[in-house]
Amino acid sequence: MSATYLRFELLRTLRNRRFLFLSLGFPLVFYLLVAGSARGVRDLGDSGLSAPLYYMVGLVSFGAMSAMLSSGARIAAERQAGWHRQVRITPLPPRAYLRAKVLTGYLMALLTMAVLFAAGAAMGVSLPAGRWLEMTGLILVGLVPFAALGILVGHLVSVEAIGPAMGGGIALLAFLGGTWFPIPDHGLLHVVGQLLPSYWLVQAGHVALGGAAWGRQGWLTVGIWSIVLARLAMLAFRRDTARV
Amino acid sequence: MSGIRLNGLAKTYRSPEGPVHAVRGVDVSIAAGETVALLGPNGAGKSTTIDMVLGLARPDAGEVSVFGRSPDDAVAAGAVGAMLQTGELIRDLDVRELVAMVASLYPAPLDVDETLALCGIEGIAGRRTQKLSGGQTQRVRFAIALVSDPELLVLDEPTVAMDVEGRRAFWETMRAFAARGKTVLFATHYLEEADAYADRVVLMAHGRIVADGPPTEIKALVGSRTIRATLPGASLDALAALPGVTSAERRGAAIALVCSDSDAAIRALLTVHPDAADIEIAGAGLEQAFVQLTGEAAGEVLA
């Protein structure tokens, strides 16, 4: 019974063109500007990596994270419209409601990634299939905490405040996670960065750059964040839809 | 037959101005198949009562039973359809898709196209929900409430954004639905709507039930009019005995006659006292009727 519900949820998301263009367009334009201007750079900052590859990987992490968190904005808008009360008086179980939100977030993230992969390929990026698969798989796992975070924020923050909250939050997470510049391998930034799920999302992308996969610390950090944020998201959801 | 039972319901909300006693002891029993209007001015506690019937609000005291089940269980079983007082539609679906999306959540929904036709919105089935007028949105919300084919249909001030023609069509659809043996509970602050479309009217004020009975009874209670005139020297007892007059009062040279039938009363008054001057006839309106019934101003209690 919730398959139809899910289908319409996905359809709605794809139909919101302004939302779609912004969420897919921003990372793409950014990529084309940055990587396009450095297209000929084969060895970016002595890393041995080409500019189009390096930036593609960075923006894939960033774009997927933003796309996943965009479910928070949709939830906040639905709450504003009072739709959550209408849903409450249907037999739709909370689990099915949340699953639809998570899957919608993943759909947006996958679309963003696909657009950036295509743009990268157009700029001459080519990766061995195995490495590409490993990176994509790790990013999908690394997105789990952000799926929960989107739901948490959507049920916590009003529609007026969610723009600044998301903008600021994403910028901070991206910055401390090493999206915009490599995190040094020692010092405070390194310590703080490694504690964040965004750091491991960026690291997942770096698999494509020949970096190591997550290792124990990565899996542990992503796992803990996933559990904690999913718990908090559930609490926020319950509180938001609780009978008063 | 177990219908809807509200036993000793009470609900207090916190507000910056202190606690608001929205509902203060409500007992109602609605038989299955009955159409009941919850009539009262704004702030009477109608919406709060409805929220508790739907399980959207938890009573501080008392309990609700919907066909022998808790509101949550009745909702989970798909037995309840409701049109809430406020709420917009979600965007980026057309009307048919939105109704189909809601229908998919219920065990035995009505046919979607049939529902659209029933609500008179088959003509806008392909239109996106964000491009509807206020009246069209209300009808789509009605379709959302109906498509589940609920045993209990709850409507909280459903005709607010509708024009006269829309209201008439709306109530006709509601009646056709009720005629299939369904139970309907609707809130309104229009006496005419309660009178015309309910089997029974429950009158609420200040969070309490002040009257409960057939529409004719309630109409006589709150539908009174008052005739005022300047008429020195007339006997109050004689005035009160005029046809259509319920009671008579005097303030100096002015008299006030509360009437159950003001048409008969004014004819009789002018026959007996052709010298009556400065005549005014005013409908009591719900607010004033409640003041008479309860001795308090309805505005004293907040929503």
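Chain B puts 33 residues in contact with 21 residues of chain A, where contact means heavy atoms within 4.5 Å. This is a predicted model, in which local features need pLDDT of at least 70 and side-chain atom pairs count only at pLDDT 80 or more, while totals for chains, interfaces and linings use all residues. Residues are numbered from 1 along each chain as written, chains are lettered from A in the order in which they are written, and side-chain values use heavy atoms, without hydrogens and water.

Next, the area. About 2,800 Å² is buried between the two chains, B and A, and carbon and sulfur atoms give 58% of that. Buried area here is the accessible area, with a 1.4 Å probe, that two parts lose on being put together, summed over both. On the chain B side, B:Leu56, B:Met101 and B:Leu105 lose the most area to chain A, together 23% of what that side buries.

Now the charged pairs. The rule finds two salt bridges across the interface, a salt bridge being a side-chain nitrogen of Lys or Arg within 4 Å of a carboxyl oxygen of Asp or Glu. A:Arg15 and B:Glu97 meet in a salt bridge through their side chains, at 2.6 Å from N to O.

Which element gives the most to the side of chain B that touches chain A? That is H3(B), with five residues.

Last, confidence. Chain A averages a pLDDT of 89, and 98% of its residues score at least 70; pLDDT is the predictor's confidence in each residue, from 0 to 100.

How values were computed: Helix = DSSP H or I, 4+ residues; strand = E, 2+ residues; numbered from the N terminus.
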